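Okay, everyone, thanks for coming.

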Amino acid sequence: MTAFTFSLRPDNVGVITLDVPGEKVNTLKAEFVEEIRKILVEARSHTQLLGLVLISGKPDSFIAGADITMIAACRSAEEAAALARQGQKVMAEIAALPIPVIAAIHGACLGGGLELALACHQRICSLDDKTRLGLPEVQLGLLPGSGGTQRLPRLIGASRALDMILTGKTLRAKQAVKLGLVEAAVPETILLETAVKMVLKGRRPRKTLPLGERLLNGRAGRSLLFKLATRRTEAKSHGNYPAVRKILSVIHIGLQQGRSAGYAAEAKAFGELAMSPESVALRGIFFATTEMKKDRGAEAEPRRLSSVGVLGGGLMGGGIAYVTASRAGLPVRIKDIRPEGINHAMKYSWDLLNRKVVRRHITTAERQRKMALISGSLDYQGFRRRDVVIEAVFEDLFLKQKMVAEVEANCLPETIFASNTSSLPISDIAAHARRPENIIGLHFFSPVDKMPLVEVIPHAKTSAQTIATTVELAKKQGKTPIVVADRAGFYVNRILTPYINEALRCLLEGEPIENIDGALVGFGFPVGPVQLLDEVGIDTGAHIIPVLEQAWGERFKAPAALDAILNDNRKGRKNERGFYLYRKKSGGKKQPDATIYKLLNVHPKAQRSAEIIAQRCVMMLLNEAARTFDEGVIRCARDGDIGAVFGIGFPPFLGGPFRYMDALGAGKMVAQLEQLAHVCGPRFLPCERLQKMAETGETFYKSVAKVDNHPDSTG
Ligand code: NAD
C-alpha cells in the first residue's frame with residue numbers, strides 16, 4: 001500500500017492525497033521520497049493537467065512532521081546530512097514544477113510537513129482549531145533540514161522566520177494568514193474546492209513583504225537583526241542549545257550567500273545536530289512522552305469517566321476544576337465549605353478562558369460551553385454519581401480522612417477518592433477507609449493549568465483499576481502522569497527539597513541570591529532554586545521539609561534560617577514578600593529583596609564560581625534521585641527523567657537526572673560526591689546504588705549515549 005495517491009478531477013486539476021496506511025497521523029518517512037517522485041511522474045503523464053493540490057487523507061492531521069526514528073537510525077553526521085539533502089532534493093523538485101502546486105492544510109502541519117507545504121507554490125489552511133503550522137525541530141535540538149531554513153525567511157521575512165524557527169512555536173490559522181505563511185484560511189468543508197480554484201487561477205506573483213521586514217532585508221538591517229537575535233538567544237539559552245546558534249548561522253548564510261550555500265549549510269548543520277548529545281537527550285524525552293501516552297499505569301481496564309468532583313476550591317482545586325472541564329471536557333462539581341471557595345474556583349476558570357477569548361483562541365460560545373461544565377455547592381448535592389472525587393482541601397490528615405468518610409457516605413461504592421496531598425502518606429489518608437482500594441494520590445503541581453506533570457500514588461491496597469482510571473483521567477486533563485510509590489515526598493518533592501536546601505545553604509554562607517539563581521539558570525534550569533521557592537511558596541516548602549526530614553533523616557534538615565524567613569511573614573510571590581521584590585518595588589526588573597540579608601544576618605559577597613554553586617545543588621538532587629530509583633519510588637529511569645524535567649524544569653537538553661548521571665558515569669558521580677562530602681559535609685556522601693554502579697560500570701538505562709562534550713558541573 002502506498003501513502004500517496006493521485007486522482008485527476010474533471011476540471012483537470014490533480015489531487016495528491018497523503019494517507020500513511022495504518023497510522024493515525026501522517027509522518028514523513030525516507031521511503032516516501034521515491035513515492036513522491038513516482039506520483040509526480042504519474043501526475044505529469046496527464047498532458048491536460050493544470051495544476052496540483054496536495055492534501056491529507058487523515059481526518060485531523062496534514063503532516064505532523066518527519067518520522068524521528070529515521071534520525072535515530074543514522075550512525076554519523078554525514079549519514080544524517082545525506083538524509084537532509086535527500087529531503088531538500090525532493091522539495092526542490094516540487095518547487096520547480098511549472099504548474100501551480102497548492103498545499104491544502106487541515107490539522108497539524110509541522111516540521112517536515114510545513115517544509116513540504118513551503119515547497120508548494122501556495123498554501124491554504126482550514127480555520128479549524130486543530131490546524132497548527134510550525135517548525136518545532138529546535139525543541140528536539142535540530143533544525144529544519146529539508147529547506148525550511150531557506151524558504152521560510154524568503155516567504156515571511158527573516159525576522160519573523162527567525163522567531164518561528166528559533167522558538168519552534170506553532171501558529172493557528174489566522175496567525176498564519178497574518179504572517180503571509182498561507183494565502184487564506186477557510187472552513188474545512190470548502191478547503192479542497194478553494195485550493196482547486198487557486199490552481200485554476202494560475203500562479204500568482206509572491207506578495208511583497210511588509211516594510212519592516214524589507215528594511216531588515218538590506219545589508220545593514222540584516223546585520224543588525226542577526227546581532228540582536230544572537231544576543232537575545234544567547235541570553236536565553238546560555239550556550240546550552242547548539243541548535244539555536246546553527247539556525248542563526250544557516251539562515252544568515254542563505255540570505256548572504258544565496259540559496260545553494262544556504263541549503264548546503266542547512267544539511268551539514270542538520271547532520272551535526274542530529275549527532276549532538278543535546279539532540280539525543282531531547283529526542284529521548286520526546287520518545288519517552290510518546291511511550292507514556294500509551295502507558296496505563298497498571299494491568300487493568302480503566303473505568304469509563306463521565307464526571308468528576310473536586311473538594312476545595314482554593315488554589316489547587318480551582319486549577320484542577322479548570323483542567324477537568326476545559327481539557328478533559330468532563331462536568332465537574334466543586335464542593336467547598338465557604339462560598340468564597342466556590343467563587344474562587346469559578347473565577348479561576350473564567351479568567352483563564354476569558355484570556356483565550358481575548359486572544360481569539362476560543363469563541364465566547366466555547367467559553368460558555370466550558371463554564372457550563374463547572375458547578376459548585378456547599379454540600380454533597382450532585383456528588384452521588386461522580387466517577388472520581390479529587391480532594392484539594394487543607395493539608396491536614398484528619399481533615400483528609402474526614403473527606404474520605406464523607407465521600408464514602410455520599411458517592412457510589414465505586415467512586416475513586418484521589419488526594420492532591422503534597423506530603424501526607426496516602427496509606428494514612430486511607431487508614432480508616434471502608435474501601436481502601438478506591439483511594440489513591442493524584443499530586444498536581446502549581447499552577448495546575450501550566451505544569452504538565454502529575455504524580456499518581458497508589459498505596460498498598462489501591463486496586464489496579466483505580467490506578468488505571470486515575471492515569472486515564474490525568475491524561476484526559478492533558479497531563480503526563482508518572483506512577484510513584486507512597487513514600488515521603490513521593491518523587492518530585494523528594495529530589496527537589498535537597499536541591500533547594502543546598503541553595504539556601506549557599507545563601508547562608510553569604511552567596512548573593514542572584515549568583516545562586518544565575519548559576520542554576522546557567523546550568524539550564526528555567527528559574528533558579530531561590531526564585532522557585534518564592535514561586536512555589538516558602539510556607540508550602542517549609543511544610544514539606546519536616547515530613548521528609550522525619551522519614552529520611554538529617555540530610556533533609558532545613559537550614560534554621562527558614563523559620564526566621566517565615567516569622568517575617570515571607571511566603572513568596574503569593575503575598576509578594578519573599579527573597580525577591582515584587583511589583584513596583586522592583587521597578588519592573590527581577591531583583592532580590594536586599595532586606596533579607598539583614599534578616600538572615602548575612603553579608604552578601606560572591607565567593608564561589610557558578611560551577612561550584614550549580615554542582616552543589618545539582619549533586620544533592622542527583623544523589624537523591626539515585627536513591628529513589630534504588631528504593632523503587634519510581635518505576636524506571638524514564639519516569640524519573642520525565643518527572644524531573646516536567647515537574648521541576650531539570651534541563652531538558654541533559655535528558656533528565658538519570659540520562660545525565662549515565663552520561664557522566666557513576667564513577668565520576670561518586671568521585672564528585674565524595675569530594676563535596678569532604679569539603680561541605682556528609683550530606684553529600686554518595687548513595688549505595690551509585691557506589692555499586694561505579695564498581696560494576698552499570699548504568700540506569702540499558703543503552704547509554706556517551707557524551708564527551710557535556711557541560712558537566714565539575715567546578
Ligand atoms: P487552599 O488553602 O488554597 O485551598 C483549600 C480550600 O479547601 C479552601 O478553599 C477551603 O475553604 C477548602 N476547604 C477546607 N475544608 C474543606 C472541606 N471540609 N470541604 C470542602 N472544602 C474545604 O489550598 P491549596 O494550596 O489549594 O492546597 C490544597 C491541597 O493541595 C493541600 O493538600 C496542599 O498540600 C496540596 N498541594 C498544594 C500545592 C500548592 O502549590 N499550593 C501543590 C500541590 C499540592
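Before anything else, one term: pLDDT is the predictor's confidence in each residue, on a scale from 0 to 100. We need it because what you see here is a predicted model. The protein chain has an average pLDDT of 94, and 97% of the residues score at least 70. There is a stretch to watch, though: residues 706–715 have a pLDDT below 50. In the model, that stretch still makes 30 contacts beyond its near neighbours in sequence.

Now the overall layout. The chain splits into domain 1, residues 4–275, domain 2, residues 308–483, and domain 3, residues 492–702. Going by C-alpha atoms, the centres of domain 2 and domain 3 are 29 Å apart. Where these two touch, domain 2 puts in 12 residues and domain 3 puts in 12 residues.

On to the ligand. How many residues surround the ligand? There are 22, and the closest are Met-316, Asp-336, Glu-395, Lys-400 and Ser-422. If you sort that shell by class, you get nine nonpolar, eight polar and five charged residues.

Which helices and strands supply at least two residues each to the shell? Those are helix H14, at 315–327, helix H17, at 397–410, and strand S16, at 439–444. H17 gives the most, with three residues.

Let's zoom in on some atoms. Ser-422, one of the closest residues, has a side-chain N or O atom 2.7 Å from an oxygen of the ligand. A polar backbone atom of Leu-315 sits 3.0 Å from a ligand oxygen. Then there's Lys-335, with a polar side-chain atom 3.3 Å from a nitrogen of the ligand. How much of the ligand does the protein bury? On its own the ligand exposes 840 Å², and the protein buries 87% of that.

Last, two backbone details I'd like you to find on the screen. The peptide bond going from Ser-446 to Pro-447 is cis, with omega near -5°. Pro-447 is in the loop between S16 and strand S17, which covers 453–458. Remember that S16 is also one of the elements supplying the ligand shell.

The other detail is Phe-490, which isn't a glycine but has a positive phi of about 50°. To find Phe-490, look in the loop between strand S18, at 480–483, and helix H20, at 492–508.

That's my tour, so over to you for questions.

Notes: Residues numbered from 1 in each chain as written. Predicted model: local features only at pLDDT ≥ 70, side-chain atom pairs only at ≥ 80, totals over all residues. Heavy atoms only, no water. Near = heavy atom within 4 Å. Polar contact = N/O pair within 3.5 Å; in protein donor to acceptor, adjacent residues only side chain to side chain. Areas by Shrake-Rupley, 256 points an atom, 1.4 Å probe, with all protein chains shown as cover. Helix = DSSP H or I, 4+ residues; strand = E, 2+ residues; numbered from the N terminus. Nonpolar A, V, L, I, M, F, W, Y, C, P; charged D, E, K, R; others polar. Contact = heavy atoms within 4.5 Å. Domains from an automatic or database assignment.
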